[in-house]
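Hello,

Please have a look at it here before reading on.

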Amino acid sequence: MTTTDTTAGAEPILSVRNLVKEFPIKSASVVRRTIGAVHAVSGVSFDIQPGQTLGLVGESGCGKTTTSRAILHLQPATSGEVLFQGRDVTKMSKGELRRMRRDMQIVFQDPYASLNPRITVSEIIAEPLRIHGLYGNDGPGQVAELMRLVGLNPEHGNRFPHEFSGGQRQRIGIARALALKPKVLVLDEPVSALDVSIQAGVINLLEDLQDELGLAYLFVAHDLSVVRHIADRVAVMYLGKIVEIADGNSLFERSQHPYTQALISAIPIPDPRRERERERIIVQGDVPSPADPPSGCRFRTRCPLRMTLSETDAARCSAEEPELRDRGLGAGHLTACHFVEA
Amino acid sequence: MAKDRNRGRGRLTVGMAAIGALALAFTAACSSSKASTTQTSANENTWNTINTASVKDGGTVTVGIEKQLGDWNPLDSSISADQVYALDGVYYAGAFISDPDGSVVLNTNTMASATLSSTSPETVVYKIKPGAVWSDGTPIDASDFVYDWLVNSGTDPNMLNASSTGYNDISSVVGSDGGKTVTVTFSTAFPDWKSLFGPLLPAHIAAKHGYDESMTLAQLTADVKAENGATTSTGAVLQLENSFNYFSNTAPPVSSGPYEVTNAPSDGSSVTETKNPKWYGDGGHLATMVFKYIADASQEPTALQNGEINVMYPQPETDLVTQVKGMGSSVKYQIAAGYEWEHFDFNLNSTALGGKTESAQEAADKVALRTAMLTAVDRKAIIARTVGLFDPASKPLNSRLFIPQQAGYTDNISKYGLGSGSSSSAESILKKAGFTGIGTALKYPDGTAVPALTMRYTSGNSIRQTECNLFASEMKALGITVNVETTSSLGKSLTHAAGYDYDVIVFAWVDTPFPNSGNYSLYVTGQGQNYGGYTSAQVDALYKTASSSFDTATVNSDLNKIDNILSQDAITLPLYQKDQMVAYDSTLGNVRINSTAQEFTYNVQEWGYVSGSASPSS
Amino acid sequence: MPSRVNTSAGDTLGTTAAPGAKAAEFTVRARSQRQIVFRRFRQHKAAMASLVVFALVVLFAFVGPLLWSTSASFMSNDIFTAPDASHPFGTDSNGIDLLSAVMKGTQSSLIIAVVVSVVSTAFGAIYGAVSGFYGGWTDTIMMRIADLFLTFPIIAIAIMLDNRFQAEASSLWLLIFVLTALFWPSAGRVIRAQVLSLKEKEFVEAARALGARDRRIIFRHLLPNTLGSIIVISTLTVAGTILTETALSFLGFGVQFPNTSLGLLVTNNQTAIEGGHPWLFYIPGIFIILIALTINFIGDGLRDAFDPQQTRVRA
Amino acid sequence: MLVYSVRRLIQSIPILVASTFVIFLMVASSVDPMTPYLTKKPPLSAAQLDSLRVKFGLTKPLLQRYWDWLTGLVLHGTFGSSTQTNYHIGQQLGYAMEVTLRLVVGTILIALILAVIVGVVTAVRQYSKLDYATTTIGFLFLSLPTFWFAVLLKEWAIQFNEATGTHLFDTLWESSPNPPAGFLPQLGDAAQHMILPVVTLALLSYAAWSRFQRASMLEVLGSDYMRLARAKGLSPFRVMFRHGLRNALIPLTTQVALDTAALLSGAVITETIYSWRGMGLFFISSIQMADPNSVMAWLLVTAVFVIVMNLIADLLYAVLDPRIRLA
């Protein structure tokens, strides 16, 4: 895996290089030995430019959440590098990590589980400030300002999370993440748990904040439709690997990888007539076990394209792992499939 | 550990210090029928005759015992309760027995005679009845005496016999007349010779388990000497120990008493004894006796009431006596003051009260302090709140060496005003000696304050708690602070195993029918039971003469002199005789208290269901 | 090993509602957690009644002695008097007024119970939280140590410690120490089981992402969320302690004179029914039952109040 | 499952060893076998006392004594010698266990049946008068001091015996000293002796268990699958027993297994009051006899009980609840 995501332009604020995360499987014998591993993330690389958004999309269990946790060193990576402003997060000391956390924050998927139900909202938002010793005399003012920033009424600061709706809670989570004025925000499916009607509000808020504060986002999502609005670049993950990565427009208009195409075809179209005519690519079968991923191309067991290939070509799918590289579209559009050269 | 946590259990565990008397190991069951006719006690003429009845043959009696059963050897020091001794006495007969009135009489079932034929050197001639045999038919003879002597002689430190007192003064035991005459010669005079040759163990059984019947004391002494203090014996000495331990570990294979053990489950829950078919003496009415373990004395009355046991002999206490009284005519009971007596004891190792040396102990201010303290104790008030609650006849005990049943009993306490509860005389004693702060914070004549004293009693014993409370409040009136605390191990406290930890203590001693040898170790300098560290050259000298005199009058007079000195030195105050109790089915005859270590089973061959009663048959 | 969460203790609070339950994007004026718990508790009639009775018992024990002038150690000449005007609870063999003795006994029983309950629950909770939070080998070792305590039969330990230290230590504090050692492991287990599930919650990960140190996570995020269980456990420990103290007294290893306790009073008078002065047995016994019973009801009320799961079935 | 059990048992060994070591130190420092011998009257000679100290191994260093005890246990399966004559610790412990087992099995059977019935009924009829009544009674039993209750029970039994002139209740021992001949009469004798202690323990245990059962039953009743079962139109009886009770029994079963360990180590108080010579009395008398090895043996057996019952509780949980996987 030598290919890198080479978007032209400024120095990336976050670069992920060959990130690998494996979970050991212990034997059930009397002496517990490690007998295997779940390959959750198997060599993922990408860059995020300052102020830009990278959308990371894939089915549940493809490793995207693990990737985001590994980037923040909440779950230490097995190997690979996570370079934040050029410095490798995976090799940081405890103190360095704490300093790094001021610059890189996360918003969680579940607005109910991610807020401590025992603590008032203003305390939740103040907590990062307190942890980093920034909650001075103007602490309450800062908290009120943050609440206003995310569209909450500062007077409600002494309430508990359960007194708020899901969307409001997610705003609390965002306010908490913003309290330290980070440069990078990892958004782990920030709207998946919300009603569709509220999703838009939160996404708009995130866009506004990005404009206002110049944040870089890693936006993790399980469907492409959400990402389409917000992402500058989109990476599609399948079973621990990125199968395609490109600028938003390029990906949606000229997707190469059969998996990406399948995902795009699943996006509903607002127009009922077109929606009815929409041709859907159905991916057959179940996702293989990450403990024992298929050889060669990991998607081959379910690949609609492979069914159309000759026997020799199909054999290549299982023998040789496709490289993630430019397959003729240029402009940083990389794809990992042997048979999609443009 | 001694933890007589409730009043009822006192009997079992006061043990440690108090019970010891059983170690004097005199006698066994089997008495002549004279017990029901003679009146010997000066104080109490019904001691030996209470509940005398003519009884019929047959029936089973179940006796509650507060100790797991399985201590079979009455000579073994590890035997830990008089309760068990009561049981062992039924199957091992001895030369003398103690009647309930305290008189020591010949066991006429087994013995024809025992006479002191010479006092210099002391020689005793025992004649065994020709028909007296072990239950396997082997005659009881001189070899049994020799075996008793050897194991009790104290020659072998690895032999854990209970007591060598007297036996270590014997120089020879010789049989003649086919073994039926035994001549015992002493090297040092031992006037209490009647205390010897209590339970006799079967020498012929011992011989089967290692004992060499030709062994002599000289040999034993030489062998032990050769071992040179080794903690494990070898050769003939080891064999002797093995035979001794055999008797400890095994239910008696033969019996010389009216009953023999026929069933003894190894879980120690009960012992069943049936009539000895070879019983050569009088009586033996009951077919079966069962001794059954009960965990807690307070459970015994209900068991008696519910017919689960027929005889119990718990330490009496208010509720228990009330309960038994309430059972009506189906249950009879007897309460009587016995050989066990309660007392307050000073620790003279405490500099507040004395010191280690005689001169420190005899210092005028210390003597005055102790005298005043004991004078302030109101024994009548103590009795009224303790034993007096269930035994109106209880009265203060006025001697440390005799109980009222015994001929030598003289009041050596009240004439000194001790235990009178007179705070005015206590105060005047202190004033005269130059103490200040009387009634507020007492100071010695030299002006230093009398420190707070620690008083201990066995935890859970509520009678002693009361006694200590009263003592503390009486001392407070004198200006002395007494902190009452408990001890979970009387033995440890007394022997100061954890360092000296009391100034005043309350516990009980058990007297024996042998006031001389029985109390020797309590007051003589450096003796094992002299826990308070008392030392008096005068007392030591008097004991020396008393111990070698064969004249009872001289001995009693010497002992009373000692008692007077103890009063003058005010080192201990007897409170009262503890009561004994026995309760039984009213249809049982001849069951009565024997408060000597002989225990109430002394006349078990006379027990039976009263003629004409509807006795439970076995 | 599968963790057995004590189903009867409150689970994590406020996180049980399904996502999307409150969809409206406007502020819900909800009651605070505390108010909800308090309201639920008030609805539990038996618990409320018990609270009143328990308060009366506490008043009796701590204020009573100020109003009733007889000392619990004064030996009057009224021996074994049945309850009457001058001795409402009667007297014992020492002429001690049972009313004052029961007051003093209740006092020390309550002090012992509350101290043991607070110390053992606090220690157990922190221990369990630390063990559950760190997991892995730390957890294994810490839990095996707790197991070690569970394998020590506590009565045995009490008896031996008593035997060992009686001369040196005040028996009351020794008793408290022993009882605390008895109760903390069970509190530890319950809290650990809860922490095991709590620490997987995103708010804990959120705190770590913010750079919070372990201590902050444990004390600020994990333990407060087990508060319901902690309160219920500590309440029930009070009842457990009172009864255990009684059992120890019966075996002769509880509070010793000159201190007294309800257990000691009953033990000293265990034969009183047969002895013809049953009040000595019944009255202290009834006080023990009264305390344990009211505490059990209060604990039940608290459990209901903290655990919305139980009330769901009501509908 | 087997592998899991073996691993758990292996894990327990260090706990056991650590526990025995701690206990050994405690016992050695608090149970002095010399105590009874120090205060004999007349006293033992100094030589005899020295000989006893050697016999009891008190002259050896503490670690050596522990090592001797441990190797004796592991290599020879002995608990060491007692300070009492004619007292074989293993044998006596065996008797005590047998007696206690009888008590415990009876207790668990009765308490469990009571607990399940009461638990289910009160859960089904939650907040009914019946629920309040049984809950109150249950709490009352939970609040009774064991010995207070036992003393009362015994008192009533004797009054009953006297009033009826029968001998239905025996107040002492696990059987009569000389039980009647024949199997059935013996069984009857044993049963008469069992009534009081078993009732004492069963009533006190059932109370806690029925609360437990009620709680888990309530949880099950409120679960979705129960609603589904009812919605499918299954008969209420079938719903309750096939779906409800089976699942609700899981937590109780494990709790009972855990409590059994405590019961096995001896219901000291019940055994004292009814003079059952089980584990509880074994311990008390070991302490009274100041016999360190007896105390050690008892503590060891108790510790093993706790560990094994803990394991059984976990295994039961896994067997009954297919969602739990032991690893």
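Let me begin with the place where two of the chains meet: 62 residues of chain B are in contact with 47 residues of chain D. Please keep in mind that this is a predicted model, with an ipTM of 0.73 and a pTM of 0.76.

Together, chain B and chain D bury about 4600 Å² between them, and carbon and sulfur atoms account for 51% of that area. How many salt bridges does the rule find across the interface of chain B and chain D? The number is 0. As for polar contacts, 3 residue pairs are counted between chain B and chain D, with both residues at pLDDT 80 or more.

On the side of chain B that touches chain D, several elements give two or more residues, among them helix H2 (15–18), helix H7 (235–249), strand E11 (288–293) and helix H16 (515–523) of chain B. Which of the elements gives the most to this side? That is H16(B), with 4 residues. Sorted by class, the side of chain B that touches chain D has 30 polar, 22 nonpolar and 10 charged residues.

Now a word on confidence in chain D. Its mean pLDDT is 78, and 93% of the residues of chain D reach 70 or more. Helix H5 (residues 89–124) of chain D has the highest confidence in that chain, at a mean of 85, while helix H9 (residues 224–231) of chain D has the lowest, at 72. Where pLDDT is low, the predicted coordinates should not be read in detail.

Best wishes

Technical notes:
Residues numbered from 1 in each chain as written. Chains lettered and ligands numbered in written order. Predicted model: local features only at pLDDT ≥ 70, side-chain atom pairs only at ≥ 80, totals over all residues. Heavy atoms only, no water. pLDDT = per-residue confidence, 0-100. Contact = heavy atoms within 4.5 Å. Buried area = accessible area lost by both parts, 1.4 Å probe. Salt bridge = Lys/Arg side-chain N within 4 Å of Asp/Glu carboxyl O. Polar contact = N/O pair within 3.5 Å; in protein donor to acceptor, adjacent residues only side chain to side chain. Nonpolar A, V, L, I, M, F, W, Y, C, P; charged D, E, K, R; others polar.
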